[in-house]
Amino acid sequence: MFKNYFKIAWRNLQKNKLYTFVNITGLTVGIVSCILIGLYVSEELSYDKFHDKADRIARVTMQYTDGTTINRAALTGTKVGPQFRRTFPAITAFARTVQYSPVVSVGDKTFNETHFLYADSAFFSIFTFPLLKGNPATVLAAPNQVVLTETMAKKYFGESDPIGKTLKVNNGKDYTITGIARDAPENSQIRFNFVASFSSMRVSREEIWWTANYVTYLLLPHPQDLTPLQRQITAYMQTDPVRYETGAGAKLTYFLEPLTWVHLHSTLDGLEPNGNITYIYILSAVAVLILLIACVNYTNLATAQAQGRTGEISIRKVLGAGKGQLFRQYLGESLMLTVIALLLAVFISIQLLPLFNQIANKSLSSASLLQPLPILSLLLLGLLVSLLAGAYPALVLSNIRLMSILRSGFRLSSSGGNLRKSLIVLQFVISVFLMISTMVILQQLSFIQNKKLGYDKDHVLVLPASEEIHEKYDAVKAAIRQVPQVINTGGASGTPTYVEWTDGLSATTETGQKNFTVKAIPCDADFVKTLGMQIIAGSNFNAADMHMLDTTDNNKNFRYTFILNESAVKALGWTPQQAIGKTVEKYYPGIVRAVVKDFHFSSMHEAIGPLILFQDTQWVSRMYIKVSGKDLPGTIARLQSIWKEYAPHYPFEYHFLDEDYNTLYKTETRTGELFGVFSLTAILLACLGLFALAAYTTAQRTKEIGIRKVLGASLASLVGMLSKDFLRLVAIASLIALPMSWWAMNRWLQGFVYHITLSWWMFATVILLALFIALATVSFQAIRAGLANPVKSLRSE
Amino acid sequence: MIKISDLQKVYRTEEVETVALNHLSFEVKEGEFVSVMGPSGCGKSTLLNILGLLDDPDGGSFIFNGTEVAHFNERKRADLRKRNIGFVFQSFNLIDELTVFENVELPLIYLGVKGPERKQRVETVLDKMQIMHRRNHYPQQLSGGQQQRVAVARAVVNNPKLILADEPTGNLDSSNGNEVMQLLTDLNEQGTTIIMVTHSEHDSRYSHRIIRMLDGQTVTENILV
């Protein structure tokens, strides 16, 4: 019996090539989408769950207010860890962490490294990062000890044993290697290449609440201890001694976030950028929708095709096949198709993984797919798909009334037609929704990309400024200026694309004492000019003002020079002109030299706030070099020789400022690309289904078309007649998708302070495009039918 | 073997009511070979469908082998059908996707006959129909006469008591037609009851008795033997 089913299913697939192609392609693409998105989603969901004590670890975030703004960060001062541990018995251990990107050298091997972590000694007992060598309890016990990952050990020491050897950090201190750790997994909010003992840092000797640069983790005895501990912390931070200690004006408190909650739910980035649970939901929904489209294709085609199989069905019935047997037979066919599609999908997914990883910025491997759980879920998925897609056609086919088919031939009932129409509408609602969303996302991304930032991020090279550069700062700058294609150069701490330095600004103004939090950029005299920031009042820094940073006599005469942005001036209640020459304080007083036009110094999700620039070259960590863009390789080679000469102990690495900028929107860009890929997939699948369905309905109307032609119908009128029905469905679908996508995209755009406004033409473009694609798909069949010789179709009946 | 009395069948669409069988009664004895004749639309095919348990009547009685079957549900009808009745159609109605052997095998599959026995029985009947050499061909690779021989083979492979033939020679030339009629006659001589719907006076002469129908009723019965 099964052999018979299988045989006839197989031969049917071979006979109806278009049908088979459309179904297998559709199901395969649908399942591939599911597999890829599934891998992505399950990786995101698995973040930080690999730690044995994952449910007992909490991350500490800080919230403080200066009276006007509330500031939150996943960072704390050095005091939080030890002080909380002493105060609250519910804390078993703590680990403060901070990461740098120093230069590491072993012998003559010198590299710029990232993910160089400093952590308290309990780090390896709180987190499950297995050590291949070394004792977790002692590897970070003393100052100047460091643990390397396996990869780093290979990089610096090859096959030899690094334990007990030393490495040099930033051409200064030596660290003794006490352990080798397995590389941190990808799905970890803590990634490291090196972990050095926290006690190596000078800051560790002093416990302070402020200077929040450290991500602090706490270990609790039980998961349920978190809520009571949170209450205790809130109360503790409000006690008088603590408030006295943290400063009377500032309200400072801390919140605990469960470790496994951080990656997808926290709005605060810690050591690594977070994911976003909303995008996880959206992507999962997209996967389900694409699969649904593929299932609909199958259902529609199978019921449409039922017409061609009525002969077979009735003969089987006459010969004694029961309803159940027929139902099972046709369900078996969809199962077979699904299994073929499933195998193809697994194969294709594995082939596509590298490409997908590139788009999604992941390193998923096919190994994670070939595990018992994914395989089981895939089998379940296959079963679900074949049921979802195959049950209805099987029911229709097995229920065909014998009488109606024996002689007169079988006509699809109109109710089946309605179902097919509804399903087509469903497909196009999904497709149009995804297309509109993609369109809006791409528009917003290009808006961000092209928005005037208030400075010029193009053709700006960024080079690291090490101590060696600092020593001959002016000489280096003079040398850079000698390079022909260089227009200007200046230095600053950090990047203007995302200013992290937070400071306090105070001033006595006409309306009283002002005191608020600002972002700050320490820079040299040429930075503002190099980046093309626009001074709207006053004049630029003068390099000669550097002498005002007078540290003699206990900083008594120490004076800054400031440039404020418009927002800062406004917050002080001045006009730009009024501000010039005024004295403001950033711990030490200084004179306002100029006011710059507001520029974007954080992502478009946030509004531009107050910012100050202050001249102080000792903080300069990066040199910004504006170049003409001509002869880049030559320019870079010249710069490299300058760096070789002035900073021989540091590797030369450069990048462009716009790269910094683009990393700010990595999540959005990635989502945009993923959305684009999958919405394209959805519309292609929907059209494929439409194409095949049009082929069948046209074939069904061959005789009618023949008669109409004989009676004098033109090709245009025939194409119109055949396309009209489908176009109407697509139009209805567009009307349904329109308000849905309007709502969804509006919500998404609300997440940006600076965003495009939705306008009718975006929706009109997409809907016209959808109609056009549908028309092209359907009219191909219609034209073919219209051009056929009517004599042939009439004779065959 | 078959006794129908007062049989009625009415087809209704939204606007038209067509009486296909109008209080029809007759009897067919075991081992008989009966032809049913009449113009198009006289109700022949409806009658055949009801006799073949493919459709149920709106009224009257239908006794098959001593059992009243007029009100059987679809499942019971299907069960009775697959054990007792073989069909031969004008348009052969072979399944294009199956080979000759597989087509003939199908009724045995639905009867639940085991593989080896199936093979033996199919081969026997194919041999008898002289179509064994075509066993692995598909229907469209055969001539009309050969296809109808396969259809007859399929109709008899489960040894039915009754064969219903619906214009079995309608799509065949005269020599192939005669061959098929001879096959049916042979089967009848071996004891199978045959009811055949036909337009052909020539074919009807192979049978024992002709029932002539008009507007859903029997008009005359000619006894030939």
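Two residues are taken to be in contact here if their C-beta atoms, placed from the backbone, lie within 7 Å. With that in hand, a friendly place to start is B:A153: setting aside its neighbours within four places in sequence, this residue is in contact with B:V104, B:V125, B:L126, B:M129 and B:I131. Please keep in mind throughout that the model is predicted.

**Strand pairing**

Now to the strands, which pair in a sheet through backbone hydrogen bonds, either parallel or antiparallel. In chain A, strand β14 (residues 460-464) has two antiparallel partners to look at. Five bridges join β14(A) to β23(A), residues 622-627, and here A:L463 has A:M623 as its bridge partner. Two bridges join β14(A) to β24(A), residues 655-656, with A:V462 standing opposite A:H655.

Chain B has an open sheet of four strands, in the order β2-β1-β4-β5 and with antiparallel pairing. Its edge strands are β2 (17-28) and β5 (67-68), each of which pairs on one side only. Further in, β1(B), residues 2-12, is joined to β4(B), residues 59-64, by five bridges; B:S5 stands opposite B:S61 in this pair of strands.

The pairs described above can be set side by side:

| Strand pair | Bridges | Direction |
|---|---|---|
| β14(A) and β23(A) | five bridges | antiparallel |
| β14(A) and β24(A) | two bridges | antiparallel |
| β1(B) and β4(B) | five bridges | antiparallel |

**Where the chains meet**

How many residues does each chain bring to the contact between A and B? Chain B brings 18 residues and chain A brings 18 residues. On the side of chain B that touches chain A, the helices α1 (44-51), α2 (74-84) and α3 (100-111) each supply at least two residues. The largest share of that side comes from α3(B), with five residues. Sorted by class, the side of chain B that touches chain A has ten nonpolar, three polar and five charged residues.

Key: Residues are numbered from 1 along each chain as its sequence is written. Chains are lettered from A and ligands numbered from 1 in the order in which they are written. This is a predicted model: local features need pLDDT of at least 70, side-chain atom pairs count only at pLDDT 80 or more; totals for chains, interfaces and linings use all residues. Two strands pair if DSSP finds at least two bridges between them. Ala, Val, Leu, Ile, Met, Phe, Trp, Tyr, Cys and Pro count as nonpolar, Asp, Glu, Lys and Arg as charged, and the others, Gly among them, as polar.
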